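Welcome! Take a look at the protein below, and then let us walk through its parts together.

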Amino acid sequence: MIKTILQKEDPALHKVCHAVTNFDAKLHTLLKDMTDTLKDSGGLGLAAPQIGILRRVVIVMDDDEQYLELINPEIVSAEGEQEGFEGCLSLTGMYGIVNRPMKVKVKAQDRYGNPVEYEREGVTARCFSHELEHLDGHMYYEKCGRLFSEAEIDDMLAKGELEEAEEE
């Protein structure tokens, strides 16, 4: 079922999420709803608090367009650096320039509680970093000096001031 994505002002987005301890049908329904919502939104990642569920659950679409389910995720290593435009489904139409690791290794649990690890680079590493911050009540705009509208980005692209703008 497609859920409503909460926006910046909602208090749920600024709270620390609780660990998942029950790997049951209720969790499986949450994962399906989150995946459906993410697919419908056209985004690359979604954290449970973005739909009002204060649990440590994240869905990320990787470079192969597979949806990775991360339960109780944590970043165990990060390497390098990348700077680029980032957006958020909970702050529609606005983008900021954010510095993130180029490569990230995440350990988590799957829908059955089994340990899993993913190591990704580039956009997927950026997405891991972005989504896991949601679980601790943070949003990307806390890391950037200024927010840009889509019109401002289009104008910068037209003037040749930007080579490429990436959206999260």
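Is helix 2 mostly covered or mostly open, and how many of its 13 residues are buried? Helix 2 is mostly covered, with 12 of its 13 residues buried; buried means under 20% relative accessible area, exposed over 50%, and partly exposed in between (1.4 Å probe, protein chains only).

This is a predicted model, where local features need pLDDT of at least 70 and side-chain atom pairs count only at pLDDT 80 or more, while totals for chains, interfaces and linings use all residues. Residues are numbered from 1 along each chain as its sequence is written, and side-chain values use heavy atoms, with hydrogens and water left out.

**The helices**

- Helices (H or I, at least four residues) and strands (E, at least two) are DSSP runs, numbered from the N terminus.
- Among the buried residues of helix 2 are Phe-128, Leu-132 and His-134.
- The 13 residues of helix 2 should span 18 Å at 1.5 Å a residue, and its end C-alpha atoms are 19 Å apart, which agrees; the expected span is 1.5 Å times one less than the number of residues.
- Helix 1 (residues 25-41) has buried residues including Leu-27, Leu-31 and Met-34.
- The buried residues of helix 1 pack against strand 1 (45-47), strand 2 and strand 3.
- Just after helix 1, Gly-42 takes a positive phi of about 80°.

- In soluble globular proteins, nonpolar side chains tend to be buried together.

**A glycine in a loop**

- Gly-52 lies in the loop between strand 1 and strand 2.
- Gly-52 counts as partly exposed because its relative accessibility is 38%.
- Not counting residues up to four places away in sequence, Gly-52 touches Leu-6 and Ala-12, where contact means heavy atoms within 4.5 Å.
- The C-alpha atoms of Gly-52 and Pro-11 are separated by 9.2 Å, although these residues are 41 residues apart along the chain.
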